[in-house]
Amino acid sequence: MVDATDAGPRRQFDARAAFDADLDYVHDITRRQASLEADKLVAVARLSRRARGRTLGLDAEESAVCGFAHTEDEKRLLVAEVGTTLRVPECTVGSMVTDAETLVTSLPLTLAALQAGEITGRHAHVMVAQCSTVPVEAHGEFEAALLPAAARLTVAQFTQRARIYRERVHPETPRKRHVEALARRGVWVDPAADGMAQLSVLLPAAEAIAIDDKLDQIARSQRGPDEPRTHAQRRCDAAIALLLDPDGDLATAARSVRPQVILTVPALSLLGHTEEPAELHGYGPIDPVTARRLTADAPSVTRWLTDPITGHALSVGRESYRIPADLRLALTIEDETCRFPGCRRRAQRCELDHVHAWAEGGDTSHANLASLCSKHHHLKHESDWTVNALPGRELQWTSPIGRVHITEPANPAHPPWPESPPSPRLEPSPSSGSEPPPKRSASRPVGDSHPLPDDAPF
Ligand SMILES: [Zn+2]
């Protein structure tokens, strides 16, 4: 007979073990799906070779060494044959064939990781897509540098990481590519179901980020207890009002809303001595000419990355709960997004959380602060999720059933920050070897000094 006093905890334990087992099962299926995806792509690559060999009148053995240099007719026949059999659109088959050929010929490590279930087919597709505009001889280096990230990031995070890396290693200058891309700008409408349509605008990234931020600010300003619309609905309504009713109340009020665009510019690039790209917060690298244009529009450069230059404290220890503006901006840029595993909410729209809670003795320092979106900030404080700060500002998250996930700041390659509190004003001293080295980067919020959101009282 079960003792009534033990039944509750035991049931709880059984339920947790069952949950854990099911989660393992789902994870295992996902890994096997990836492995099957790899097998399928290898077979598609084989089909592609055979299609070439068939046209040349080769037998199966000779086709095995045949390359992928199809004529247009050969490719069309291959795609039509596979598409009709699998009942998928020809463009999907075309993409599949490209993935298969690229993985088999020049991305063997990615293919092996897919076969081992370490990455998904979507990660592999992103790797191929980002490699496609890099010279073939650089594929090996590109793959080796990015593959570890594919194994630990979500597809969206990996896409961003791969895109930034591609920008850095691409042989053509960022400016030349931007000028060519700028020529393709445009606006178009795609019909959607139920009387809706999607309006798309292809435009320069800085303007896109600025528009996005302005819509966000307008939507936030309309929050209220009697406001029935969601944040997304208010953003959409604001976009319509700004475009179609420029003299209306909302558009008039919105004239004073100045979007915040955060840019990190290498100092030598800012001076025109190098072509090193700048980093646009929420987007990634942009060409230096555009960066210089944007920075020229603002009155001063905030050299926040080098505390000997600003003289601002990067840690106030237990002296103040409030976070200095320089430290807030630095953390926003370094984190890039919410630091919960997989979350892509932009850090600019997050709250800064004391990882080790202030109420429990945590200090206000670079090492003990992390960007969290409102949803995950509440999850941290109102559920059994726990988080610990590790060296290098990595965060170790532990789920309620004990699964551990590590997240790292998106832009950790910033200068060594003083981790010990507080050095209220560090005077520049060329002879001192103990201070952080001067940084070659300068950063500024372009366009406005709109304050970042206040941290929640945790
Ligand atoms: Zn989040």
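A helix crossing is called right-handed if the near helix is turned clockwise from the far one by less than a right angle, and left-handed if the turn is anticlockwise. By that rule, helix 10 crosses helix 11 in the right-handed sense. This crossing belongs to a predicted model, so what follows describes a prediction.

Helix 10 covers residues 205-221 and helix 11 covers residues 231-244; they pack at an angle of about 115°, and their axes lie 8 Å apart. On the helix 10 side, the residues that meet the partner are Leu215, Asp216, Ile218 and Ala219, while helix 11 brings in His231, Arg234, Arg235, Ala238 and Ala239. Sorted by class, this contact has five nonpolar residues, three charged ones and one polar one.

Stepping back to the whole protein, the model holds 17 helices and 13 strands. Of its 458 residues, 30% count as buried. As for contacts between residues at least 6 apart in sequence, 60% of them join residues at least 24 apart.

How far does the predictor trust its own work? The pLDDT averages 80 over the protein, and 78% of the residues reach at least 70. Helix 5 (residues 108-115) has the highest confidence, at 97, whereas helix 15 (residues 307-310) has the lowest, with a mean of 37.

Strand 10 and strand 11 (residues 395-398) are joined antiparallel over four bridges. As an example of such a bridge, Thr386 has Thr398 in strand 11 as its partner.

Most residues other than glycine have a negative phi. Glu336 is not a glycine either, yet its phi is positive at about 65°. Where do Arg87 and Glu336 sit? Arg87 is in the loop between helix 3 (72-86) and helix 4 (90-106), and Glu336 is in the loop between helix 16 (325-335) and strand 7 (351-354). Is Arg87 buried or exposed? Arg87 counts as exposed because it has 6 C-beta neighbours inside 10 Å, and the cut-off for exposed is 12 or fewer. Glu336, by contrast, is buried, since 22 other C-beta atoms lie within 10 Å of it, and 20 or more is enough for that label.

Finally, there is a histidine in a helix. His125 lies in helix 6 (residues 121-131). His125 counts as buried because 22 other C-beta atoms fall within 10 Å. His125 and Ala100 are 25 residues apart along the chain, and their C-alpha atoms are separated by 9.3 Å.

Notes:
Residues are numbered from 1 along each chain as its sequence is written. This is a predicted model: local features need pLDDT of at least 70, side-chain atom pairs count only at pLDDT 80 or more; totals for chains, interfaces and linings use all residues. Helices (H or I, at least four residues) and strands (E, at least two) are DSSP runs, numbered from the N terminus. Two residues are in contact if their C-beta atoms, placed from the backbone, lie within 7 Å. pLDDT is the predictor's confidence in each residue, from 0 to 100. Axes are lines fitted to C-alpha atoms, for helices over the stretch in contact, and angles run from 0 to 180 degrees between N-to-C directions. Ala, Val, Leu, Ile, Met, Phe, Trp, Tyr, Cys and Pro count as nonpolar, Asp, Glu, Lys and Arg as charged, and the others, Gly among them, as polar. Two strands pair if DSSP finds at least two bridges between them.
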